[in-house]
Amino acid sequence: EVSRLLRMESSSSSSEEKRVLREIVRYISQTAVADLTVIEESKKSSEEPLCPLMNGKRRRREQKTSSMSNNITSKVLRKYFPKVVAGVKSNTSLTHLDLTRNGIDSQMAIVLGTMLERCETLTNLNLSHNRIGEAGCISIAEALGKNAHTRIRHMDLSYNTVYNDGGQALGRMLRANASLRILNLQQCGIYVEGSRAIMEAVARNASLQKLHFANNCTWVDGADTTAQMLAVNTTLQYLDISGNYLYAEGAKIIAKGLIVNSTLDGLLISSNEIEDEGAKALAGGLRLKKRPKL
């Protein structure tokens, strides 16, 4: 299978591209943990998704090291992405796939989604700091919703522009998916409608344990759905809703859900301008029930 994929190279490809493509396909077809993270900081041509209400950019997360990751690799990976995905598909022992900062756009994410519909080996998928867009997010979410045999437990889509349509697709996925344990949606430009769809789904989801939802736009209008989720969910252990424009009113609404919740161990709600009024409401809720770590 690997040899067949290598013969698929275009005759117009440079010798350097061919060499790198051979290395990528061989690596991704044979390893159990494929880390193709780009170490170098992405250029400003692809800005991070921002809520229209935000006054400044959020800082990027710390970079990781990788055994096979550089700008040339990333360029070849993008150019021949279907062949790379074919290599992933051929690897029946692959459990971890990290494609952080590879400039993956919506069309590439759709190709990846097609593969995920039948993938039964991956447990960790990291697409952080890419450009998968709404269409790409919808494709991936639909794939994980359809695949009853998926084993993906940790998915990171942080720092991708998925907005409300992507958020709603993720909500539909969470209603059907029973494998995810950790979902990272930090700074995905998800507004009130998308936030509501996700929180409504998490309320009914019996597998998700950690949800990173910082730096989106839940806003005060979406706080009620988050509170309702906390009131009925019995599996979520950690929730990060920092920087979601909740203000004091939103904090008071969420406090009502905390009073009923008995499973949450960690709650991060910083950078929401909750002021003393909101802090007092949250403290009151924590005194009545199990104390999350704020």
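How many strands form the open sheet, and in what order? The views below take up this and other parts of a predicted model, in which local features need pLDDT of at least 70, side-chain atom pairs count only at pLDDT 80 or more, and totals for chains, interfaces and linings use all residues. Residues are numbered from 1 along each chain as its sequence is written, and side-chain values use heavy atoms, with hydrogens and water left out.

**View 1. The open sheet.** The sheet has 8 strands in the order β1-β2-β3-β4-β5-β6-β7-β8, with parallel pairing. Strands are DSSP runs of E of at least two residues, and helices are runs of H or I of at least four, numbered from the N terminus. Two strands pair if DSSP finds at least two bridges between them. At the edges, β1 (33-35) and β8 (266-268) each pair on one side only.

**View 2. Strands β6 and β7.** Parallel strands β6 (residues 210-212) and β7 (residues 238-240) are joined by 3 bridges. His212 has Asp240 in β7 as its bridge partner.

**View 3. Thr100 and Asp98.** Thr100 sits in the loop between β2 (96-98) and α5 (106-116). Thr100 counts as buried because its relative accessibility is 1%; buried means under 20% relative accessible area, exposed over 50%, and partly exposed in between (1.4 Å probe, protein chains only). Its side chain makes a polar contact with the side chain of Asp98 at 2.6 Å. A polar contact is a pair of N or O atoms within 3.5 Å; within protein, one must be able to donate a hydrogen and the other to accept it, and residues adjacent in sequence count only if both atoms are side-chain atoms.
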